[in-house]
Amino acid sequence: MTKPRIFIVEDEPIIAAFLEQCLVDEGFECLGVADSFDQAKQELLHLRPDLILLDINLGDGPDGIDLAHFMNQQINKPFLFVTSNTDSQTLERVKLTNPSGFIMKPFKKHDLITQIDLAWHAYQVRSVNTQVDFTSSVLASTHFFIKDKQKLVKLAYSDITYAEACDNYSILHTKDSKFVVSYSLKHVEAKLPVHEFLRVHRSYMVNISQISQINPKSLLLIDGKEIPVSEAHRSELLKRVNLF
């Protein structure tokens with residue numbers, strides 16, 4: 001996985017220098033540092049970083065939360081707040097920006113890098129192959145259409161081998177591809193035919209016809225993929241597979 005190019009927005013020079021050194025030590029490219037709202041806006045539009053580390057307190061004027069709203073509209077890249085502001089009013093404002101992470105000062109280098117890696121991985125997964133507007137798909141009894149860029153691609157329900165939850169979105173897996181949907185697995189479960197698909201774990205649904213083997217705590221699909229099976233879902237699974 002390629003490492004993201006990172007920009008820092010921080011008004012305290014010592015902390016900004018520490019953040020930059022942490023990034024360099026771990027092989028990340030630091031594109032620069034801004035210490036104010038106006039400077040950050042200008043640099044972000046010019047440099048177009050892959051990920052942003054963002055302080056909330058930026059001195060007088062608009063703060064980091066205001067900048068986050070700007071980034072959501074103009075940059076659309078993952079960002080993590082790195083801040084000591086944890087009062088309830090600030091956190092409520094933070095929630096409205098949908099950050100990819102929240103790191104409290106003081107922090108350890110390991111925690112910072114872990115949060116960056118998780119945020120970047122989640123962003124890349126969301127960008128895999130296709131972004132699917134599941135609710136606007138044209139549904140039929142055996143097929144539905146997935147929006148793929150400027151075209152609609154026909155996909156059979158039977159082509160889906162399993163569905164996997166990833167945070168607040170889900171991934172539909174087929175034999176050759178995978179499609180990201182911006183909805184929870186519970187929402188996807190309501191859309192898929194109940195006679196063909198079964199929830200076997202809080203993070204997984206499977207196409208029943210694709211099951212080749214059931215183990216005590218997992219199952220194998222025809223393609224060899226192993227899926228965990230929770231105790232809460234095992235009894236229903238055994239009922240659905242026509243146990244002889």
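Predicted model: local features only at pLDDT ≥ 70, side-chain atom pairs only at ≥ 80, totals over all residues.
Local features here need pLDDT of at least 70, side-chain atom pairs count only at pLDDT 80 or more, and totals for chains, interfaces and linings use all residues. Residues are numbered from 1 along each chain as its sequence is written, and side-chain values use heavy atoms, with hydrogens and water left out.

Trainee: Are the rings of Phe18 and Phe107 stacked, edge-to-face or tilted?

Mentor: Planes under 30 degrees apart count as stacked, over 60 as edge-to-face and the rest as tilted. The centres of Phe18 and Phe107 are 5.7 Å apart and their planes stand at 40 degrees, so the pair is tilted.

Trainee: Is Phe107 buried or exposed?

Mentor: Buried means under 20% relative accessible area, exposed over 50%, and partly exposed in between (1.4 Å probe, protein chains only). Phe18 has 37% and is partly exposed, whereas Phe107 has a relative accessible area of 15%, so Phe107 is buried.

Trainee: Which residue has Lys3 over the face of its ring?

Mentor: A charge sits over a ring if NZ of Lys or CZ of Arg is within 6 Å of the ring centre and within 35 degrees of the ring normal. Lys41 lies over Phe70 at 5.1 Å from the ring centre, and Lys3, at 4.3 Å from the ring centre, lies over the face of Phe28.

How values were computed. Phe/Tyr/Trp six-rings, centres within 6.5 Å; stacked < 30°, edge-to-face > 60°.
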